[in-house]
Amino acid sequence: MTIATETLPRLTAMHKKLDTSPEAFGFLESSTDLMDQPEALRERMNRNGYVFLPGVLDRPEVLAVRQFMANRLAARNLLDPAYPTIECKARPGANVSFLPDLAKDNPLLQQLLYGGRMMAFWELFLGAAVRHYDFTWIRAVAPGRGTPPHMDVVYMGRGTKQLYTAWTPLGDVPLETGGLLVLEQSHRHDRINNGYGSKDVDTFCENKVGPDYTRLGGGGNISDGGWLSKDPFKLRKNLGGRWLTGNYRAGDLLVFSVFTIHTSLDNQSDQIRLSADTRYQLASEPIDERWIGEEPIGHGPEGKKGMIC
């Protein structure tokens with residue numbers, strides 16, 4: 001889809017101005033017309049590395065989750081009390097980005113992400129019994145913040161590689177609020193897949209010392225945070241393709257491969273941007289032990305693995 005660049009606001013990611021020319025930037029392709037065609041959905045995923053489904057979730061249900069979580073943000077003194085809590089207007093000085101504990105004791109969120117329309121989609125898409133990770137990633141991104149480019153496989157690649165991420169905006173997320181960007185055709189970059197994409201952020205070298213070897217990922221080829229880059233502008237220029245995004249609304253769903261490179265626009269609004277990242281796979285496939293159970297070990301000490309480099 002060609003975009004009239006003169007209608008776009010100035011967009012940044014990791015505080016780098018993005019090239020919003022039609023050759024470098026675009027909107028996601030909707031796949032809602034394929035919702036009754038699982039084979040076509042899978043073909044679209046294989047081709048694009050993502051499937052975008054505007055309005056597939058129940059908007060009132062999503063907004064009820066947003067209100068519940070906004071009340072929790074307000075209780076933490078993160079919101080400006082002059083505005084309705086559901087607007088998530090950030091209190092000056094709020095400096096948050098990742099608040100997974102907002103998912104705990106949150107039955108509305110659990111039903112949205114692991115029941116109803118969401119699970120109906122995954123059962124259709126995967127075509128058999130589905131298992132989801134028990135850990136829920138909640139982003140509460142304050143103004144001025146964003147997420148660096150990365151692939152998810154480096155954080156959760158110990159089970160099946162046929163694993164998918166669902167990004168669920170918990171409220172309307174126009175461009176200025178810092179929604180997700182996916183890099184067009186990035187899941188097909190064999191050099192990146194076989195290099196960076198083969199790493200595990202929780203491994204370290206047992207037989208060598210020094211910062212290049214003891215850092216997470218081992219061998220010095222991955223950053224301490226697991227990021228592929230901190231410059232989305234240069235990354236796109238080097239790899240090609242376009243950064244793709246949308247003016248997201250509550251009820252939209254974006255799903256993508258764990259090999260799809262993604263980042264976020266910087267939040268240039270005065271709101272805290274709420275969204276959830278969740279993962280789904282066939283129940284018959286092996287699963288990454290870091291992200292299951294009542295208290296997943298995640299990237300904690302129990303999840304670390306030594307390796308010979």
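Some conventions to begin. Because the model is predicted, local features need pLDDT of at least 70 and side-chain atom pairs count only at pLDDT 80 or more, while totals for chains, interfaces and linings use all residues. Residues are numbered from 1 along each chain as its sequence is written, and side-chain values use heavy atoms, with hydrogens and water left out. Helices (H or I, at least four residues) and strands (E, at least two) are DSSP runs numbered from the N terminus.

I start with helix 4, residues 116–126. Helix 1, residues 38–48, packs against helix 4 at about 85°, and their axes are 8 Å apart. Axes here are lines fitted to C-alpha atoms, for helices over the stretch in contact, and angles run from 0 to 180 degrees between N-to-C directions. Helix 1 is therefore roughly perpendicular to helix 4; the classes are roughly parallel under 35 degrees, roughly antiparallel over 145, roughly perpendicular from 65 to 115, and oblique for the rest. Helix 1 makes the contact (heavy atoms within 4.5 Å) through P38, L41, R42 and M45, and helix 4 through F121, L124, F125 and L126. By class, this contact has 7 nonpolar, no polar and 1 charged residues. Ala, Val, Leu, Ile, Met, Phe, Trp, Tyr, Cys and Pro count as nonpolar, Asp, Glu, Lys and Arg as charged, and the others, Gly among them, as polar.

Helix 3, residues 107–114, also packs on helix 4, at about 25° and with the axes 4 Å apart. That makes the two roughly parallel. Q111, L112, L113 and Y114 of helix 3 meet G116, M118 and M119 of helix 4. The residues in this contact are 5 nonpolar, 2 polar and no charged.

Next, the cores. A nonpolar core is a set of buried Ala, Val, Leu, Ile, Met, Phe, Trp, Tyr and Cys residues joined through side-chain atoms within 4.5 Å. Buried means under 20% relative accessible area, exposed over 50%, and partly exposed in between, with a 1.4 Å probe and protein chains only. The largest core has 46 residues, and those with the most contacts inside it include W122, L253 and Y280. Helix 4 gives the most to this core, with 6 residues. Beyond its neighbours within four places in sequence, W122 is in contact with G127, V130, Y164, A166, V255 and Y280. Another core, of 30 residues, lies apart from the largest one, and F25 and M151 are among its members. F25 is buried, at 1% relative accessible area.

Which strand is largely enclosed by the rest of the structure? Strand 11, residues 253–257, because 5 of its 5 residues are buried. Strands pair if DSSP finds at least two bridges between them. Strand 11 pairs antiparallel with strand 4, residues 50–53, over 4 bridges, and L53 has L253 as its bridge partner. Strand 7, residues 164–169, is also antiparallel to strand 11, through 4 bridges; there, Y164 is partnered by S257.

Last, an open sheet of 4 strands, in the order 3-10-8-12 with mixed pairing. Strands 3 and 12 stand at the edges with a single partner strand each, so one side of each is left without a neighbour in the sheet. On average, neighbouring strands are turned by 30° against each other, direction ignored. Helix 7, residues 232–239, packs on this sheet and touches strands 8, 10 and 12.
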